[in-house]
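Give the cut-off for each term where the term comes up.

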Amino acid sequence: MYEPRITWDPTTRLLYIAPTYYVGNFFSVDPTTGATVTLPSHPQGHMNDIFCGDRSGHIYAAGPSSGTEMWQYTIATRSWVRIVDLPVNHGNNGACTVMADGYLVVTNGDPRQVYRL
């Protein structure tokens, strides 16, 4: 594994894991039983550092190591969809979170570049 990411979804009570930066592999893991399920890979074949969940059925991940793409994975339909692009290059050292008000907040690692989508 290289730079793994993980998020928890309480609606499914599963962990969602992207084990490697340079590959789009994506899995769910039941922490109670250890059961692992392979999920559809990220459409860009790459799992950026910008990776988070909203704890209500969605996972968010940026595109490849550079660009402006943002993607949303819907757990119920096991599908990825491209959402609004970022106004600047997301790079490969950023982060995201979903605020209590439902907004996705993304940074490319520069504290002057924080975006609310």
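Strands β1 and β2 (residues 14-18) run antiparallel and are joined by five bridges. Within this pairing, I6 has I17 of β2 as its bridge partner. Strands here are DSSP runs of E with at least two residues, numbered from the N terminus, while helices would be runs of H or I with at least four residues. Two strands count as paired if DSSP finds at least two bridges between them. The model is predicted, so local features need pLDDT of at least 70 and side-chain atom pairs count only at pLDDT 80 or more, whereas totals for chains, interfaces and linings use all residues. Residues are numbered from 1 along each chain as its sequence is written, and side-chain values use heavy atoms, with hydrogens and water left out.

The β1-β2 pair belongs to an open sheet of four strands with the order β1-β2-β3-β4 and antiparallel pairing. Because β1 (5-9) and β4 (36-38) stand at the edges with a single partner strand each, one side of each has no neighbour in the sheet. From one strand to the next the twist averages 25 degrees; the axes behind this value are lines fitted to C-alpha atoms (for helices over the stretch in contact), and angles run from 0 to 180 degrees between N-to-C directions.

Another open sheet of four strands has the order β5-β6-β7-β8, again with antiparallel pairing. Here β5 and β8 are the edge strands, each with a single partner, so one side of each is left without a neighbour in the sheet. The twist in this sheet averages 25 degrees from one strand to the next. In general, strands of a sheet pair through backbone hydrogen bonds, either parallel or antiparallel.

Three bridges join β5 to β6, and the two run antiparallel. C52 stands opposite Y60 of β6. The two strands form a hairpin with four residues between them, and R55 in the turn has a positive phi of about 60 degrees. On to the next pairing: β6 (residues 58-62) is joined to β7 by five bridges, also antiparallel, with I59 opposite Y73 of β7. Four of the five residues of β6 are buried, so the strand is mostly covered; buried means under 20% relative accessible area, exposed over 50%, and partly exposed in between (1.4 Å probe, protein chains only).

What lies between β7 (70-74) and β8 (79-82)? A loop does, and T77 is found in it. The side chains of T77 and S79 are joined by a polar contact of 2.6 Å. Such a contact is a pair of N or O atoms within 3.5 Å; within protein, one must be able to donate a hydrogen and the other to accept it, and residues adjacent in sequence count only if both atoms are side-chain atoms. T77 and G57 are 20 residues apart along the chain, and their C-alpha atoms are separated by 9.7 Å.

The largest nonpolar core has 13 residues, and those with the most contacts inside it are Y16, F26, M47, F51, I59, Y73 and W80. A nonpolar core is a set of buried Ala, Val, Leu, Ile, Met, Phe, Trp, Tyr and Cys residues joined through side-chain atoms within 4.5 Å. The elements giving two or more residues to this core are β2, β6 and β7, and β2 gives the most, with three residues.

Next come the aromatic rings. Rings of Phe, Tyr and Trp (its six-membered ring) pair if their centres lie within 6.5 Å; planes under 30 degrees apart count as stacked, over 60 as edge-to-face and the rest as tilted. By this rule there are six aromatic pairs. Y16 and F26 form a tilted one, at 6.3 Å centre to centre with 35 degrees between the planes. This pair links distant parts of the chain, 10 residues apart: Y16 is in β2, and F26 is in the loop between β2 and β3 (27-29). F26 also pairs with F51, edge-to-face, at 6.2 Å centre to centre and 80 degrees between the planes. F51 is in strand β5 (residues 51-53), 25 residues from F26. F26 is buried, with a relative accessible area of 1%, and F51 counts as buried at 8%. Y16, F26, F51, Y73 and W80 form one aromatic cluster.
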